Amino acid sequence: MSSAVSLDILCGMRKNISPWLHQLDKTRAHQTLHNDIETDVVIIGAGIAGVSSAFHILETTGKRVVLVDGFLMAHGASGHNAGQVVGHFERGLASLVDEFGLELAAKGQKEVEGAWNILESMYTKAKLDIPFFRFTGHSGYTSFPQVQIRLENNRLRVAGGLEPERLRIATECAEAHIISEEYAGLYEIVPAEEIRTSLETASTDFIAATSYKKGCVNSALFCEKIAHYLLETYRGRFALYEHTPIHKIVLRAGSALLDAEKHTIEAGRVVLCTNGFESLRIINENGLAIDTKYHHLVNGKMGYMSGYLEKFNKPAIAISYFTDPSISADNSYFYLTRRLYEYEKGAENNLVCIGGPDIPIEDTTTYSRDDEFSEEHAEEIDHFVRTVYDTTPNKKIDYQFTWHGLMGYTRNGVRLAGPEPKNPILLYNLGCNGVGILTSIFGASKIARHIRGEKVETSIFDVPHLDAIVRSSVAPTVETV
C-alpha cells in the first residue's frame, strides 16, 4: 500500500481510489470542444456504452461520429465498477417472463449472452492486448426459497431454448429431497463440501450454488484502448471531446442541436449513454415533451467496493454470495472477483475486489466522485471477507483500493437500448443495473442497427412510452437472485 493511502486510513479516511483508473495512461492528451461543429451522430457519455456505440456505428456505417463526455472518458461507472462480466440480469428469468412473456424474455437473455461474442470480436478487430479473463463463475445461496427461484429459472431457460445453469444443492439441505418432479434433470445433489469448495468458503451457511460463464475486464482500460483504435482507424470520421458537458438538446424533425456551453453541436442523431443524472434538458420541437420522461427513466445507486493485493497463486474467478436468506427485492449480496493485476509495472499480483453495499441516490447533486469512502461500508466489506472468503485468523489485509460509483438503475432492471418513441432522432443506451458491461455492448450493437436504418424487431430493451413510465413510477418487485 502506498504511504499516502496508508496515511488516509490511519487518519480514519478512505479516498475514492479505483483500481481501474489506476491502470489508465496518465499521459493521454484530452481534447475539449473548441468550436461549433456538425456531425452525423453525437454520443453523450464516454463510458463503455458510449465507446462501444461509437465502435459499432463507425464499423458498420459511413457515418461521422462525435463522442463527448462532461468529465473524462471512463471515469464514471465504467471506472468505478466491479469489473465483472456476466451474461445475466439482476433479476431472475422467471420475473422477466412474468413481465414480458417467455418468448421475449428468452430472446433478451439470448441477446445478452450473445454479447460475449461481440466483446471478443471487438478485442480481435481492435487488436487489444489488455487482460480479459473468462472462466466458470459461481453464486452461493443460503435459503431454499432462493434455490426455488434458480430451479424455476432453469425450467424457463430450457423452455425458452437456453442452456440451464449448473445448479448444485447440498445433500444436507432437507428440502433437496422433496423437489417437484417438474425440475427433474435441472439440478444435482452433492455433498455440501463440494459447494463450499466452489464458493471458496468454509461457511456452512451455503446450501446451494449455481455455476455459469463469467469474466473479468478493466472496462475503463477497455474504453481507453478502443477509443485509441477508433481515433487511429477513423481519422476524419471520429472525434472525442472530454470536459465537454452538454446542458441542452433541442430535437427537431430531422436533426438535433446540442448546447455545449460556449459551442454547439449539430447532429443527425443523438445517442444518450449516460447514467441518467446529468443536468440535461431535452426540448422536443417535433412533438410531445421528453424532458420529464428522461429524468424518470433511471434511478441511482451508489455502490461501494474494496480491493486488496495478494500473491498471484490462484486463477481468476468471480463469485456472488447471497449471505442474507431473505429474497426481497431489496435483498443485497456480496460479489467477489479475483484476477491478475499489474499494480506497478512488472509487478504481478492477484487483485481481490469485493462489493455489495449500496445506497439509493435520488438526486445526482448528492453524489460526488470526490466523496470519501464510507467507513461503515468499508467495515461491512471487511467483515464479509474475514467471515466468508478469507477466515485466516488475525490476517492483515491492506485495502489498496476503496472506491464508490454512481450506477443507473432502470425502473424494471432492464437496459434501455433504442430510439425515443416521441422523436427517433434521440436514442438511448443506458441503465447499467449493476451488471452493465455485456448489456452496454449489446445495446451498442442494437443502436448501430437503428442508425443503419434496419428494421429492428421488438425487444425487452425497447424504450417505453411516457404512459408506461408513469404506470411504473413505483418500480416492480423483482427477485435479485
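A crossing of two helices is left-handed if the near helix is turned anticlockwise from the far one by less than a right angle, and right-handed if clockwise. The views below come from a predicted model, in which local features need pLDDT of at least 70 and side-chain atom pairs count only at pLDDT 80 or more, while totals for chains, interfaces and linings use all residues. Residues are numbered from 1 along each chain as its sequence is written, and side-chain values use heavy atoms, with hydrogens and water left out.

**View 1. Helices H3 and H8 in a left-handed crossing.** Helices (H or I, at least four residues) and strands (E, at least two) are DSSP runs, numbered from the N terminus. The axes of H3 (residues 48-60) and H8 (residues 219-233) come within 9 Å and cross at roughly 30°. H3 is therefore roughly parallel to H8; angles under 35 degrees count as roughly parallel, over 145 as roughly antiparallel, 65 to 115 as roughly perpendicular and the rest as oblique. Axes are lines fitted to C-alpha atoms, for helices over the stretch in contact, and angles run from 0 to 180 degrees between N-to-C directions. Contact means heavy atoms within 4.5 Å. Among the residues that meet are Val51, Phe55 and Leu58 in H3 and Phe222, Ile226 and Leu230 in H8. By class, this contact has eleven nonpolar, two polar and one charged residues. Ala, Val, Leu, Ile, Met, Phe, Trp, Tyr, Cys and Pro count as nonpolar, Asp, Glu, Lys and Arg as charged, and the others, Gly among them, as polar.

**View 2. Helices H4 and H5 in a right-handed crossing.** H4 (residues 93-100) and H5 (residues 102-126) pack at an angle of about 130°, with their axes 7 Å apart. H4 is thus oblique to H5. Leu93, Leu96, Val97 and Phe100 of H4 make the contact with Leu102, Leu104, Ala105 and Ala106 of H5. The residues of this contact divide into eight nonpolar, no polar and no charged.

**View 3. Gly405 in strand E17 (residues 401-410).** Gly405 has 1% relative accessibility and so counts as buried (under 20% relative accessible area; exposed is over 50%, partly exposed in between; 1.4 Å probe, protein chains only). Leaving aside neighbours within four places in sequence, Gly405 is in contact with His80, Lys301, Met302, Gly303, Met305 and Tyr367.

**View 4. Cysteines Cys273 and Cys353, both buried.** A disulfide is a pair of cysteine sulfur atoms within 2.5 Å, and by this rule the count comes to zero. Cys273 is in no disulfide, its nearest cysteine sulfur, that of Cys223, being 11 Å away. The sulfur of Cys353 is 8.1 Å from the closest cysteine sulfur, in Cys216, which is too far for a bond.
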